[in-house]
Amino acid sequence: MAEHVENSDPKGESLMEKIYDKFHGDDSSLSSESDTETKKPVVKSEVEAEAETLKNKVWRLFGREKPVHKVFGGGKPADVFLWRNKKISGTVLGGATAIWVLFELLEYHLLTLICHILIITLAVLFLWSNATTFINKKPPHIPEVHLPEGPILQVASALRIEINRALDLLREIASGRELKKFLAVIAGLWILSIVGSWCNFLTLFYISFVLLHTIPVLYEKYEDKVDPFAEKAMHEIKKQYAVFDAKVLSKIPRGPLKDKKKD
(Lines give C-alpha, C1' and ligand atoms only; values in the text may rest on other atoms or scores of the structure.)
Protein backbone atom coordinates (compact mmCIF):
# COMPACT_ATOMS: atom_id res chain seq x y z
CA MET A 1 0.00 0.00 0.00
CA ALA A 2 2.80 2.36 0.83
CA GLU A 3 4.51 1.44 -2.40
CA HIS A 4 1.33 2.28 -4.37
CA VAL A 5 1.13 5.71 -2.75
CA GLU A 6 4.78 6.31 -3.47
CA ASN A 7 4.27 5.34 -7.13
CA SER A 8 1.23 7.61 -7.51
CA ASP A 9 3.01 10.71 -6.20
CA PRO A 10 5.37 11.15 -9.19
CA LYS A 11 2.46 10.95 -11.60
CA GLY A 12 0.55 13.60 -9.71
CA GLU A 13 3.59 15.78 -9.52
CA SER A 14 4.31 15.38 -13.25
CA LEU A 15 0.69 16.23 -14.10
CA MET A 16 0.79 19.32 -11.92
CA GLU A 17 4.10 20.33 -13.45
CA LYS A 18 2.63 20.05 -16.94
CA ILE A 19 -0.36 22.18 -15.99
CA TYR A 20 1.90 24.72 -14.30
CA ASP A 21 4.28 24.80 -17.29
CA LYS A 22 1.35 25.28 -19.63
CA PHE A 23 -0.03 28.29 -17.76
CA HIS A 24 3.43 29.62 -17.04
CA GLY A 25 4.38 29.36 -20.72
CA ASP A 26 1.20 31.17 -21.75
CA ASP A 27 1.93 33.93 -19.22
CA SER A 28 5.50 34.24 -20.44
CA SER A 29 4.33 34.43 -24.09
CA LEU A 30 1.77 37.08 -23.19
CA SER A 31 4.39 39.03 -21.26
CA SER A 32 6.84 38.75 -24.15
CA GLU A 33 4.18 39.95 -26.57
CA SER A 34 3.35 42.85 -24.28
CA ASP A 35 7.06 43.64 -23.99
CA THR A 36 7.43 43.67 -27.76
CA GLU A 37 4.37 45.87 -28.06
CA THR A 38 5.77 48.30 -25.53
CA LYS A 39 9.13 48.29 -27.32
CA LYS A 40 7.64 49.01 -30.74
CA PRO A 41 6.92 52.69 -30.08
CA VAL A 42 10.45 53.13 -28.71
CA VAL A 43 11.98 51.67 -31.89
CA LYS A 44 9.70 53.80 -34.02
CA SER A 45 10.63 56.93 -32.14
CA GLU A 46 14.34 56.14 -32.50
CA VAL A 47 13.92 55.65 -36.25
CA GLU A 48 12.06 58.93 -36.52
CA ALA A 49 14.78 60.67 -34.52
CA GLU A 50 17.48 59.26 -36.84
CA ALA A 51 15.46 60.33 -39.87
CA GLU A 52 15.13 63.83 -38.47
CA THR A 53 18.85 64.05 -37.76
CA LEU A 54 19.66 62.88 -41.28
CA LYS A 55 17.22 65.39 -42.67
CA ASN A 56 18.83 68.15 -40.67
CA LYS A 57 22.26 67.13 -41.95
CA VAL A 58 21.29 67.67 -45.59
CA TRP A 59 23.75 69.99 -47.29
CA ARG A 60 22.34 73.46 -47.85
CA LEU A 61 23.61 76.27 -50.04
CA PHE A 62 26.28 78.44 -48.36
CA GLY A 63 26.17 76.09 -45.35
CA ARG A 64 23.02 77.68 -43.96
CA GLU A 65 21.16 76.00 -41.09
CA LYS A 66 18.14 78.33 -40.95
CA PRO A 67 15.21 78.66 -43.36
CA VAL A 68 15.46 81.25 -46.12
CA HIS A 69 12.96 83.49 -44.32
CA LYS A 70 15.16 83.53 -41.19
CA VAL A 71 18.27 84.24 -43.28
CA PHE A 72 16.64 87.48 -44.47
CA GLY A 73 15.87 88.50 -40.90
CA GLY A 74 12.39 87.02 -40.55
CA GLY A 75 10.67 90.44 -40.54
CA LYS A 76 8.84 92.60 -43.04
CA PRO A 77 11.80 92.85 -45.48
CA ALA A 78 11.90 89.05 -45.63
CA ASP A 79 8.14 88.98 -46.30
CA VAL A 80 8.63 91.44 -49.16
CA PHE A 81 11.56 89.60 -50.76
CA LEU A 82 9.85 86.17 -50.44
CA TRP A 83 6.44 87.43 -51.64
CA ARG A 84 4.55 86.53 -48.46
CA ASN A 85 2.25 89.45 -49.29
CA LYS A 86 1.98 89.62 -53.06
CA LYS A 87 0.36 93.06 -53.10
CA ILE A 88 3.13 94.72 -51.11
CA SER A 89 5.90 92.89 -52.99
CA GLY A 90 4.34 93.75 -56.34
CA THR A 91 3.91 97.40 -55.33
CA VAL A 92 7.55 97.68 -54.22
CA LEU A 93 8.85 96.03 -57.39
CA GLY A 94 6.54 98.13 -59.56
CA GLY A 95 7.69 101.32 -57.84
CA ALA A 96 11.33 100.42 -58.38
CA THR A 97 10.59 99.67 -62.04
CA ALA A 98 8.82 103.02 -62.47
CA ILE A 99 11.78 104.87 -60.92
CA TRP A 100 14.21 103.04 -63.19
CA VAL A 101 12.13 103.79 -66.30
CA LEU A 102 11.79 107.43 -65.25
CA PHE A 103 15.48 108.03 -64.67
CA GLU A 104 17.10 105.60 -67.11
CA LEU A 105 14.81 105.39 -70.13
CA LEU A 106 13.23 108.83 -69.95
CA GLU A 107 16.54 110.33 -68.72
CA TYR A 108 14.89 112.33 -65.98
CA HIS A 109 17.26 113.75 -63.36
CA LEU A 110 16.75 113.23 -59.65
CA LEU A 111 17.15 116.85 -58.61
CA THR A 112 14.77 117.99 -61.35
CA LEU A 113 12.19 115.42 -60.31
CA ILE A 114 12.35 116.43 -56.64
CA CYS A 115 12.01 120.13 -57.51
CA HIS A 116 9.03 119.51 -59.84
CA ILE A 117 7.26 117.37 -57.22
CA LEU A 118 7.76 120.04 -54.56
CA ILE A 119 6.57 122.82 -56.93
CA ILE A 120 3.39 120.96 -57.81
CA THR A 121 2.67 119.97 -54.21
CA LEU A 122 3.25 123.44 -52.77
CA ALA A 123 1.24 125.12 -55.54
CA VAL A 124 -1.74 122.82 -55.04
CA LEU A 125 -1.74 123.22 -51.25
CA PHE A 126 -1.27 127.00 -51.46
CA LEU A 127 -4.12 127.48 -53.93
CA TRP A 128 -6.36 125.09 -52.01
CA SER A 129 -5.72 126.89 -48.72
CA ASN A 130 -6.59 130.30 -50.27
CA ALA A 131 -9.59 128.96 -52.17
CA THR A 132 -11.27 127.70 -48.99
CA THR A 133 -11.82 131.30 -47.82
CA PHE A 134 -14.00 131.98 -50.88
CA ILE A 135 -16.00 128.74 -50.85
CA ASN A 136 -16.47 128.67 -47.06
CA LYS A 137 -14.76 125.33 -46.47
CA LYS A 138 -12.12 124.21 -44.05
CA PRO A 139 -8.53 124.56 -45.22
CA PRO A 140 -6.62 121.32 -45.91
CA HIS A 141 -5.06 119.63 -42.93
CA ILE A 142 -1.30 119.54 -43.46
CA PRO A 143 0.24 117.08 -40.99
CA GLU A 144 3.46 117.79 -39.20
CA VAL A 145 6.21 115.47 -40.39
CA HIS A 146 9.16 114.73 -38.12
CA LEU A 147 11.89 112.18 -38.61
CA PRO A 148 12.03 109.79 -35.63
CA GLU A 149 15.36 109.63 -33.89
CA GLY A 150 15.36 105.93 -32.93
CA PRO A 151 15.14 104.25 -36.38
CA ILE A 152 17.67 106.67 -37.87
CA LEU A 153 20.15 105.94 -35.09
CA GLN A 154 19.60 102.19 -35.52
CA VAL A 155 20.23 102.38 -39.26
CA ALA A 156 23.32 104.55 -38.71
CA SER A 157 24.65 102.14 -36.07
CA ALA A 158 24.09 99.09 -38.28
CA LEU A 159 25.73 100.87 -41.22
CA ARG A 160 28.70 101.84 -39.05
CA ILE A 161 29.17 98.22 -37.91
CA GLU A 162 29.10 96.90 -41.48
CA ILE A 163 31.56 99.57 -42.68
CA ASN A 164 33.94 98.71 -39.83
CA ARG A 165 33.73 95.01 -40.72
CA ALA A 166 34.54 95.80 -44.35
CA LEU A 167 37.49 97.96 -43.32
CA ASP A 168 38.81 95.22 -41.01
CA LEU A 169 38.49 92.68 -43.82
CA LEU A 170 40.35 94.94 -46.26
CA ARG A 171 43.08 95.54 -43.67
CA GLU A 172 43.45 91.81 -43.06
CA ILE A 173 43.67 91.13 -46.80
CA ALA A 174 46.15 93.94 -47.40
CA SER A 175 48.44 92.56 -44.67
CA GLY A 176 49.15 89.54 -46.88
CA ARG A 177 47.98 86.80 -44.51
CA GLU A 178 44.83 85.61 -46.29
CA LEU A 179 45.64 84.63 -49.87
CA LYS A 180 42.30 82.94 -50.46
CA LYS A 181 40.32 86.02 -49.38
CA PHE A 182 42.65 88.22 -51.40
CA LEU A 183 41.96 86.30 -54.60
CA ALA A 184 38.21 86.22 -53.90
CA VAL A 185 38.04 89.99 -53.34
CA ILE A 186 40.15 90.73 -56.41
CA ALA A 187 37.95 88.48 -58.56
CA GLY A 188 34.78 90.06 -57.17
CA LEU A 189 36.02 93.62 -57.77
CA TRP A 190 37.14 92.69 -61.27
CA ILE A 191 33.73 91.23 -62.13
CA LEU A 192 32.02 94.27 -60.60
CA SER A 193 34.18 96.60 -62.70
CA ILE A 194 33.19 94.71 -65.86
CA VAL A 195 29.50 94.90 -64.96
CA GLY A 196 29.92 98.60 -64.14
CA SER A 197 31.33 99.24 -67.62
CA TRP A 198 28.17 97.74 -69.14
CA CYS A 199 25.67 99.81 -67.15
CA ASN A 200 25.51 102.71 -64.73
CA PHE A 201 24.93 102.57 -60.98
CA LEU A 202 21.15 102.99 -61.19
CA THR A 203 20.73 100.10 -63.62
CA LEU A 204 23.03 97.94 -61.51
CA PHE A 205 21.02 98.80 -58.40
CA TYR A 206 17.76 98.00 -60.19
CA ILE A 207 19.10 94.66 -61.45
CA SER A 208 20.18 93.76 -57.92
CA PHE A 209 16.77 94.79 -56.59
CA VAL A 210 14.98 92.61 -59.14
CA LEU A 211 17.25 89.66 -58.36
CA LEU A 212 16.48 90.04 -54.64
CA HIS A 213 12.78 89.78 -55.50
CA THR A 214 13.12 86.72 -57.74
CA ILE A 215 16.04 84.45 -56.82
CA PRO A 216 15.25 83.95 -53.08
CA VAL A 217 11.60 83.04 -53.69
CA LEU A 218 12.53 80.66 -56.51
CA TYR A 219 15.25 79.07 -54.38
CA GLU A 220 12.86 78.65 -51.45
CA LYS A 221 10.41 76.89 -53.76
CA TYR A 222 12.95 74.55 -55.41
CA GLU A 223 15.67 74.32 -52.75
CA ASP A 224 15.45 70.50 -52.57
CA LYS A 225 16.41 70.34 -56.25
CA VAL A 226 18.94 73.17 -56.24
CA ASP A 227 20.98 72.09 -53.20
CA PRO A 228 22.21 68.74 -54.65
CA PHE A 229 23.49 70.47 -57.80
CA ALA A 230 25.08 73.20 -55.71
CA GLU A 231 26.75 70.58 -53.51
CA LYS A 232 28.30 68.88 -56.56
CA ALA A 233 29.45 72.23 -57.91
CA MET A 234 31.04 73.18 -54.57
CA HIS A 235 32.89 69.85 -54.38
CA GLU A 236 34.22 70.36 -57.91
CA ILE A 237 35.28 73.94 -57.12
CA LYS A 238 37.08 72.79 -53.96
CA LYS A 239 38.83 70.05 -55.92
CA GLN A 240 40.03 72.47 -58.58
CA TYR A 241 41.10 74.98 -55.94
CA ALA A 242 43.11 72.28 -54.14
CA VAL A 243 44.94 71.51 -57.39
CA PHE A 244 45.53 75.22 -58.03
CA ASP A 245 46.72 75.71 -54.45
CA ALA A 246 49.16 72.82 -54.69
CA LYS A 247 50.62 73.93 -58.02
CA VAL A 248 50.56 77.73 -57.76
CA LEU A 249 49.46 79.28 -54.46
CA SER A 250 51.67 77.19 -52.22
CA LYS A 251 54.72 78.47 -54.08
CA ILE A 252 53.89 82.16 -53.50
CA PRO A 253 55.63 83.69 -50.47
CA ARG A 254 53.24 84.76 -47.74
CA GLY A 255 53.24 87.95 -45.67
CA PRO A 256 54.54 88.23 -42.11
CA LEU A 257 52.63 86.15 -39.59
CA LYS A 258 51.24 87.47 -36.38
CA ASP A 259 53.56 87.57 -33.42
CA LYS A 260 53.15 84.54 -31.23
CA LYS A 261 51.95 85.06 -27.72
CA LYS A 262 54.62 84.81 -25.11
CA ASP A 263 54.33 81.93 -22.69
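Helices (H or I, at least four residues) and strands (E, at least two) are DSSP runs, numbered from the N terminus. Welcome to a predicted model, in which local features need pLDDT of at least 70, side-chain atom pairs count only at pLDDT 80 or more, and totals for chains, interfaces and linings use all residues. Residues are numbered from 1 along each chain as its sequence is written, and side-chain values use heavy atoms, with hydrogens and water left out.

View 1. Reading from the N terminus, the elements run α-α-α-α-α-α-α-α-α-α. The chain has 263 residues, and 11% of them count as buried; buried means under 20% relative accessible area, exposed over 50%, and partly exposed in between (1.4 Å probe, protein chains only). Among contacts (heavy atoms within 4.5 Å) with a separation of 6 or more, 58% join residues 24 or more positions apart.

**View 2. Trp83 sits in the loop between helix 3 (76-81) and helix 4 (86-105).** Trp83 is not a glycine, yet its phi is positive, at about 60°. Most residues other than glycine have a negative phi. With a relative accessible area of 27%, Trp83 is partly exposed.

**View 3. Glu107 lies in the loop between helix 4 and helix 5 (110-135).** Here too phi is positive in a residue other than glycine, with a value near 55° for Glu107. Glu107 counts as exposed because its relative accessibility is 62%.

**View 4. Arg84 and Glu220 meet through their side chains in a salt bridge (2.9 Å, N to O).** Arg84 belongs to the loop between helix 3 and helix 4 and Glu220 to helix 9 (residues 215-221), so this pair ties together parts that are 136 residues apart in sequence. A salt bridge is a side-chain nitrogen of Lys or Arg within 4 Å of a carboxyl oxygen of Asp or Glu. The structure holds 3 of these salt bridges. Arg84 is partly exposed at 44% relative accessibility, and Glu220 is partly exposed at 24%.

View 5. Arg165 is exposed, with a relative accessible area of 55%, while Glu162 counts as partly exposed at 45%.

**View 6. Glu172 and Lys181 are joined by a salt bridge (4.0 Å, N to O).** Glu172 is partly exposed at 27% relative accessibility, and Lys181 is partly exposed at 35%.

**View 7. Phe182, Leu183, Ile186, Phe244, Val248 and Ile252 form a nonpolar patch on the surface.** Patches are made of residues with over 30% relative accessible area and no salt bridge, with like charges joined within 9 Å and nonpolar side chains (Val, Leu, Ile, Met, Phe, Trp, Tyr) within 5 Å. Together the six named residues have about 470 Å² of accessible area, by the Shrake-Rupley method with a 1.4 Å probe, where for residues only the protein chains shown count as cover. Helix 7 (residues 179-198) gives the most to the patch, with 3 residues. Val248 is found in the segment after helix 10 (223-247) and counts as partly exposed at 36% relative accessibility.
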